[in-house]
Amino acid sequence: MSKELIRLSDCVMAYDDDVVLDRIDLSIQDKEFLTLLGPSGCGKTTTLRIIGGFLTPTSGDVLFDGKRINDVPPHKRMVNTVFQRYALFPHLNVFENVAFGLRMGQTVVEQENGQEVRRKVKIPEEEIHSRVMEMLEIVNLKGFERRPVTALSGGQQQRVAIARALVNRPKVLLLDEPLGALDMRLRKDMQQELKRIQQEMEITFIYVTHDQEEALAMSDTVVVMDGGRIQQVGSPEDIYNEPKNAFVADFIGESNIIDGIMRADGVVEIFNRRFQCLDKGFDRDEPVDVVIRPEDVDIVSEAEGQLKGTVTAVTFKGVHYDTIVDFYGFKWLIQTTDFCPVGSHIGIKIDPDGIHVMKKSQYSGMFGDYSSYSEEYDEINDPTLLDEEEEGAGDEE
Amino acid sequence: MKNKRSLFAVPYVIWMALFVVIPIVIMLVYSLTVSVTTGEGEAIQFSFENFTGMGAYVTVFARSFWLAIVATLVCLLIGYPVSYWMAKEGPGFQRVAMALIMLPMWMNFLLRTYSWMSILENNGLLNQLFQKIGLIALYNDLTGQNIEYFQMIRTPGAVVLGMVYNYLPFMILPIYSVLSKMDQSLIEAAQDLGAGTADVFRRVTLPLSLPGVLSGVTMVFVPSVSTFAISRLLGGGTNMMLGDLIENQFLGGAYNPHLGAAISMVMMVIVLICMLVMNHFGEGEEQAVML
């Protein structure tokens, strides 16, 4: 699990003056499920295309198994890709689509006079047949082999695309927003399915998405990107519980991000009140960003509260109420099962482990205020906005 | 709604009926009749004579189809690489190349063909150039012959050249249009699956561009078979093609519109059969492009 398979070192991708990737360093372990997560234009697709061999970084190295592969063309890499819009061959049926890679032959490495010789060997037809059928069974498409791919539903096309990439037994599978075009229900099923396939085949998955829920649900490692830079690398739990800056905190889940001052180890001051927290290692009186997740806030009576505020909006979400509370002009989102009517005065309590302190960054002050709550929430929930994911700079030339 | 919209098609339907369907019917009637001179003057009689006597023109038919096939193949061999190359380049280059391809078409067809005459003539531009650079002298030295010019005009080659020159844009445009619209991710997918440049072309680009090739071939082959000015101007009298033969029956010295109509009908049927056969091969791919 801990063997390094791919390393990007100091990778820069620039088109003229437009820097798409800014000195990326990334290490990808063998057999892990790694997700590149970020908004449109953050450089995640560009990173994927560099690993796939469709782009050559302007500077920096791409290492595969310790060997530099910057100039190795895509068809000579042990990597296969599931494309954003599947890119199935419309003139071939399901079987032939999946068999495409196998018909290209297999590279065999032989020792000849002490030298390594790579040779393309044709795969016998029986083997192609059995491997394709086996793959179709894994993706639950048995019986579809003679169908034209144009007659398949989105979910089925998706499965063909996955089978087509996996049948070549790559060491790494790259997936570029593979579930983007599917509806919610199918997405959830396919997430499970992909995770299962990854574990069954024991290969590395590198998955690109803008959907934080998807990233948290499937990944071993999440890489949060923005502005061509890696903002944070970590397990889903780390990313959620210990975001490094306001961008990560805001992008992953809902967060209230408040200006605070670190008064001592484990003591942070917000709105002139001191709160117990678990964070240490900051300078005395250092200005910081404080993240408080909406579900970590307890609503209590006004008298008991550490902070007092007025409810300005309530939305019923099924499991809980999204309650917007105004504290001294700063609006918080609180998720609670207790209904508090608009206009009621309430107090809140926060446990020390519900407070997370971050260093100030370029993103400070940009996120985490729910004053414009309704618009922002619409945006987050509007899948059509996110589906427009297109990294202009990622397109070749 | 639907009825209203179909109203707009009425002028076209009338046009088609007046200038396509009715003329074909007239031609059919003509081809199945002959005019006979009797005591009271000219009379029109029903007869298969026009068709039964068609055997005399087999060589003209054969020459026409042969030259048209050669011209179509040459157009394909030149047109496909050009289209492929254009589709790969940037949009600026594509615009310039497109303008260059279309430019000759802004000039009159006859004018273009006449200019080829003056280029290919025995004392035309090319032969003068060959004279100047000593090519003709060199040829005479090498072969021991004594020619003053290369015979270029009045050869089948000149006819093919004229057809290729005139119809090449009709080959390039449909192929280019299919290639430039092709989904680049399909090519990336093929590369990703282990296909080198040759395999990508053979297994993805070529099959997916077949519909463009088919319509290009059709658009070159059909006018080539029936061309008449090119063969007359560049082929001289020795390379008579179907177009010339038919023209001769209607406007020329061999005035016999009945025979002309019959030859036209036979040619039309053969061309239709060719198209049917070709479309049959292209069926699967055409659906693929609909995607």
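Two strands pair if DSSP finds at least two bridges between them. I kept that cut-off at hand for a predicted model.

**Entry 1, a strand pair in chain A.** I looked up strand β18 (residues 307-316) and strand β21 (residues 345-350) of chain A. Four bridges join them, and they run antiparallel. I then followed K308(A). Its bridge partner in β21(A) is G347(A).

**Entry 2, the sheet around that pair.** I traced the strand order next. The sheet is open, has five strands and reads β17-β21-β18-β19-β20 (chain A), with antiparallel pairing. Which strands stand at the edges? They are β17 (297-300) and β20 (330-336) of chain A. Each has a single partner strand, so one side of each lacks a neighbour in the sheet. On average, neighbouring strands are turned by 45 degrees against each other, direction ignored.

I noted domain 1 (4-240) and domain 2 (256-366). Their C-alpha centres lie 40 Å apart.

I checked the contact between the chains. Chain A gives 19 residues and chain B gives 19 residues. On the chain A side, β6 (79-82) and α2 (94-103) each give two or more residues. I sorted that side by class: nine nonpolar, eight polar and two charged residues.

I turned to α4 (residues 58-88) and α11 (residues 197-226) of chain B. Their axes come within 9 Å and cross at roughly 145 degrees. The crossing is right-handed. The contact residues include F65(B) and L76(B) of α4(B), and V217(B) and F221(B) of α11(B).

Conventions:
Residues are numbered from 1 along each chain as its sequence is written. Chains are lettered from A and ligands numbered from 1 in the order in which they are written. This is a predicted model: local features need pLDDT of at least 70, side-chain atom pairs count only at pLDDT 80 or more; totals for chains, interfaces and linings use all residues. Axes are lines fitted to C-alpha atoms, for helices over the stretch in contact, and angles run from 0 to 180 degrees between N-to-C directions. A crossing is left-handed if the near helix is turned anticlockwise from the far one by less than a right angle, and right-handed if clockwise. Two residues are in contact if their C-beta atoms, placed from the backbone, lie within 7 Å. Ala, Val, Leu, Ile, Met, Phe, Trp, Tyr, Cys and Pro count as nonpolar, Asp, Glu, Lys and Arg as charged, and the others, Gly among them, as polar. Domain bounds come from an automatic or database domain assignment.
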